[in-house]
Amino acid sequence: MTWGAQYMCYTCKKCGKKYKYAIDLIGDFGADFGKCPVCGSDGDLTYEGPVSPETSQYEEVD
């Protein structure tokens, strides 16, 4: 049984952007997984888990 998509949510250390990656895309992004889609900096992991009210404030990277 599956519980739906799992996400890792980040806040960029450099520009402050809030974004999220679906965990099943780790293989597609490789070393860039978790990097800010705007400036390319590493982000601080702020949430990991299923879709929840907290994840609505993060933009999905796909």
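## Aromatic pairs

The structure, a predicted model, holds 5 aromatic pairs, where rings of Phe, Tyr and Trp (its six-membered ring) pair if their centres lie within 6.5 Å, planes under 30 degrees apart counting as stacked, over 60 as edge-to-face and the rest as tilted. One of these is the stacked pair of Y10 and Y19, with 5.6 Å centre to centre and 15° between the planes. Y10 and Y19 are both buried, a term that means under 20% relative accessible area, with exposed over 50% and partly exposed in between (1.4 Å probe, protein chains only).

Y21 and F29 form an edge-to-face pair, at 4.9 Å centre to centre and with 85° between the planes; Y21 is buried, with a relative accessible area of 3%, whereas F29 is partly exposed at 24%. Y10, Y19, Y21, F29 and F33 form one aromatic cluster.

## Charges over rings

The charged end of K18 sits over the ring of Y58, 5.7 Å from its centre, and K20 lies over the face of Y7, at 4.8 Å from the ring centre; the criterion is that NZ of Lys or CZ of Arg is within 6 Å of the ring centre and within 35 degrees of the ring normal.

## Chain as a whole

Along the sequence, the protein chain follows the pattern β-β-α-β-β. Its C-alpha trace spans about 40 × 25 × 15 Å along the principal axes, and 32% of the 62 residues count as buried.

## Basis of the values

Residues are numbered from 1 along each chain as its sequence is written, and side-chain values use heavy atoms, with hydrogens and water left out. In this predicted model, local features need pLDDT of at least 70 and side-chain atom pairs count only at pLDDT 80 or more, while totals for chains, interfaces and linings use all residues.

How values were computed: Helix = DSSP H or I, 4+ residues; strand = E, 2+ residues; numbered from the N terminus.
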